[in-house]
Amino acid sequence: MNKIGLLFTSRNNYELLDFWMQNVDTEGFSILNIDEDSTEENKSKGREICKKYNIEYLDREERGMLFNMITACNYFKSKGLEYIVYNTHDSFPKKGFFKDFNQLVKEKDLSNFGVIGFNILHDKTWHQLARTPLQPKQGEFYDRYPANSSIPLKWSKPYAIESAMWTTAAVNISQYEKHIIPTGDYHFFHSWDDIAFQFLYKNIYNICIPSLIVNHTQEVKIHHGLPYKSPLIGGPHNKNEEEREFYYSKWGFKEVWFNRWGFWYDDRSSFENVKEQYKDTLLYDFYHFDRNNSLTPLKTFDL
């Protein structure tokens, strides 16, 4: 019995969806693609590609990932499914990933968690398990270890995280519907971080499952004429604002984050000014947890 459905959101990048489908075994799971205001030409292309691979195509209802997730919840719930696995077009789960995750949610009760993250092999360089803006860091705000090495013992079990490495991430439908307040303030970047932080604010753990591995391979975007690093502004792979608008639309996500949460995502010290607002929440707990000097994460789980 299937409990998971697969979600893509697309904006003028259907060449990548076609490539992804050619290279990943989706193992018979239901797939939904939500179009985020592509051009009419690209929408037509998207419908054809979705038809080719038996993917349900929907135009967005309201802009932004948090609203797209509401649409996805309604769609997959109507099919009797309980979990959504979101995937970017340059993130390639290893063979058996979906089957293994589906089996896990059948055998174990994950319904009380918020965002569920995985072990993301980033550009063949690092295994990135989680995003860690609140915890003390040594130059990087990720839980990570080098490629081609074993998972460090302290991260070998499913464990509590601030936010998932969101190129592939999952969520329980009922948890999302119950706890997440959607916003269109940002369309794409930081949206999964916001979802994760909304759960933490309500003292709901987000977790990473290190044994389930996904390859995040940004170079495939270059081969299909897309910018290499999506968030870069004015860099060699993100030439101008017109290009950003074409692929990502609304910008200013850093300022949106600050206005919503009261601190800068990439400046941990700014949380000090607002920390008392978050007392008695997991946000406060993560801020005071020193991951660099701890032998174990904030919390682990037997799954």
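A search of the whole structure, which is a predicted model, finds 28 aromatic pairs, where rings of Phe, Tyr and Trp (its six-membered ring) pair if their centres lie within 6.5 Å, and planes under 30 degrees apart count as stacked, over 60 as edge-to-face and the rest as tilted. Because Phe197 belongs to helix α6 and Trp257 to helix α9, the pair ties together parts that are 60 residues apart in sequence. Both residues are buried, that is, under 20% relative accessible area with a 1.4 Å probe, protein chains only. Ring pairs also link Phe197 and Trp257 into a cluster that includes Phe141, Tyr142 and Tyr287.

Two other helices, α1 and α2, have axes that come within 9 Å and cross at roughly 10°; they are therefore roughly parallel to each other, a label for angles under 35 degrees. Axes are lines fitted to C-alpha atoms over the stretch in contact, with angles running from 0 to 180 degrees between N-to-C directions. Contact means heavy atoms within 4.5 Å, and helices are DSSP runs (H or I, at least four residues) numbered from the N terminus.

| α1 | 14-23 | Tyr14, Leu17 |
| α2 | 40-52 | Ile49, Cys50 |

Residues are numbered from 1 along each chain as its sequence is written. Local features need pLDDT of at least 70 and side-chain atom pairs count only at pLDDT 80 or more, while totals for chains, interfaces and linings use all residues, and side-chain values use heavy atoms, leaving out hydrogens and water.

Note on methods: Buried < 20%, exposed > 50% of the residue type's maximum accessible area, 1.4 Å probe, protein only. Parallel < 35°, antiparallel > 145°, perpendicular 65-115°, else oblique.
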